[in-house]
Every structure is written in structure tokens, then in C-alpha cells.
Amino acid sequence: MGLIDIELFATLDLVGQSPGGPDEDPVDFAFGGWQAPLLDEVAGAQVEAAYEGTDALLLGRRTYDIFAAYWPHYQGEQDNEIAALFNSIPKYVASRGEPDLNWAHSTQLGPDLAGAVRQVRERHNRVKVVGSLNLVQTLLRGKLFDRLDLWVYPIVLGTGKKVFDGGAVPANLRLLQAPAAGPKGAVHLRYGLVEGEPETGDMDVPDRGA
């Protein structure tokens, strides 16, 4: 069975909407492209390393449309490896509509999203979910993911779609590596989903296991 990894960029108040540009999701959101002024080489290298071994993308409709309009036509130098990867591997699209699937190796998932995601997991070794906040809410709700890569940037927006906005259920996660910060303050956090639900306790009761 393969792994499903969620890759997200978020503000300090965990807004994940439209980090890359003002046209990603412009309705009632004035901060599209908030990530761009805070990019640095450290975060860029972390992102590239996170995609190593990726053999499929799992995307929501809006993110898919943005990627399909950009990566097949990309001719720059900085992100050539990511462009080559994204253009060559299978793309699975979660959508209730009829997306244009002209981007090579693209497939729309069926109406049973949870079942379709499980099939994708069986078919591949390392599946990446990029952006796609509505899809992420579904994956969080069903615990249909294995790892969460979260880059937290040192700004507060106070508005916008949040990473855990209505989709999360009680869950335990384990920090998989030490947090790493870039020179502009972005912190990379890598968590893995573990079994069980969060426990509670009383701070006034001594730890009997000590």
C-alpha cells in the first residue's frame, strides 16, 4: 500500500487559500499570492525534496485547472524538475463536474471519493495532494492521508479558507523530523498520522508513569 502525502502552505493563522497568486481564488479574498514575498531558497529546496519519489498527484478541481494551465507550458529553468515530474506522472482529479482533462495522464475520480482514493493509494507508492483545500477537508475527515507537510509563514491574514476549516476530526499526529526554518521565517513541519484519538488528562494529577 502506498502513502498519501498532503503538501500545504499556510499563514500563522493557518489560512491556506491562494498562496501562489491573486488569480487562484479571487472571490472575496484580497490576499492571493501572499506566499510570494516570503519565498526563499531554503523553503524551495524543502519543497523539491518533498516531491522526491512522487509517482502520482491527487488534486481538487480548482488546483488541477491552475496546474493544467501552467505546467504543460512551463519553459523556465528554476522548476524544470518539478515541471517534468508533474507532466509525466498520473494526475487524479476530485470533481463533481466535468473537468477538461487535456493534461496528459489525467483521470477524474468517481463519485465514491473515499473508495477512489483508497484505490489510488493501492496503485501508487507516493501520492501527493497539493493545495486543493476542499479535497484536503475530505481527506482529513476520513483520515485518508499518511503524512502532512506544512509550511507555516510568519504572517496573519485574519480571513480566507483555513487548513482545518471544518474538515478535521480528532486525530493523533507524530512529528517526523525536526522543524526547519528559512531565512524569511517559513517553518517546515512534517507530521505523520498515527492511530487513535487524542487523550486528555489533568495537569494537577502527577504522572503515575514517571
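Buried means under 20% relative accessible area, exposed over 50%, and partly exposed in between, computed with a 1.4 Å probe on protein chains only. The model is predicted: local features need pLDDT of at least 70, side-chain atom pairs count only at pLDDT 80 or more, and totals for chains, interfaces and linings use all residues. Residues are numbered from 1 along each chain as its sequence is written, and side-chain values use heavy atoms, with hydrogens and water left out.

**Exercise 1. Salt bridges**

Task: State how many salt bridges the structure holds, and describe the pairs formed by Asp-25, Asp-65 and Arg-121.

Solution. 
Step 1. Side chains of opposite charge can pair when their charged atoms come close. The structure holds ten salt bridges.
Step 2. Asp-25 and Lys-161 meet through their side chains at 3.2 Å, N to O. This pair links distant parts of the chain, 136 residues apart: Asp-25 is in the loop between strand E1 (3–11) and helix H1 (41–50), and Lys-161 is in the loop between strand E6 (147–153) and strand E7 (172–175). Asp-25 counts as buried at 10% relative accessibility, whereas Lys-161 counts as partly exposed at 32%.
Step 3. Asp-65 and Arg-61 form a salt bridge at 3.0 Å, N to O. Because they are four residues apart in helix H2 (residues 61–70), about one helical turn separates them. Asp-65 is partly exposed, with a relative accessible area of 32%, and Arg-61 is partly exposed, with 31%.
Step 4. Arg-121 and Asp-146 are joined by a salt bridge at 2.9 Å, N to O. Arg-121 lies in helix H4 (residues 113–123) and Asp-146 in the loop between helix H5 (133–141) and E6, so the pair ties together parts that are 25 residues apart in sequence. Arg-121 counts as buried at 11% relative accessibility, while Asp-146 is partly exposed, with a relative accessible area of 24%.
Step 5. Finally, salt bridges with shared partners join Asp-5, Glu-7, Arg-126, Lys-128, Arg-147, Asp-149 and Arg-190 into one network.

**Exercise 2. Strand E2 and helix H4**

Task: Explain why strand E2 is largely enclosed by the rest of the structure, and identify the elements against which the buried residues of H4 pack.

Solution. 
Step 1. Five of the five residues of E2 (residues 56–60) are buried, so the strand is largely enclosed by the rest of the structure.
Step 2. In a regular strand the side chains alternate between the two faces of the sheet. In E2, Ala-56, Leu-58 and Gly-60 point one way, Leu-57 and Leu-59 point the other way, and all are buried.
Step 3. Two strands pair if DSSP finds at least two bridges between them. E2 runs parallel to strand E5 (residues 126–130), with three bridges joining them; Lys-128 in E5 is the bridge partner of Leu-57. E2 also pairs in the parallel sense with strand E3 (residues 91–94) over four bridges, where Gly-60 stands opposite Ala-94.
Step 4. Turn to helix H4, in which Leu-113, Gly-115, Ala-116, Val-117, Val-120 and Arg-121 are buried. The buried residues of H4 pack against E1, E2, E3, E5 and H5.

Technical notes: A salt bridge is a side-chain nitrogen of Lys or Arg within 4 Å of a carboxyl oxygen of Asp or Glu. Helices (H or I, at least four residues) and strands (E, at least two) are DSSP runs, numbered from the N terminus. Contact means heavy atoms within 4.5 Å.
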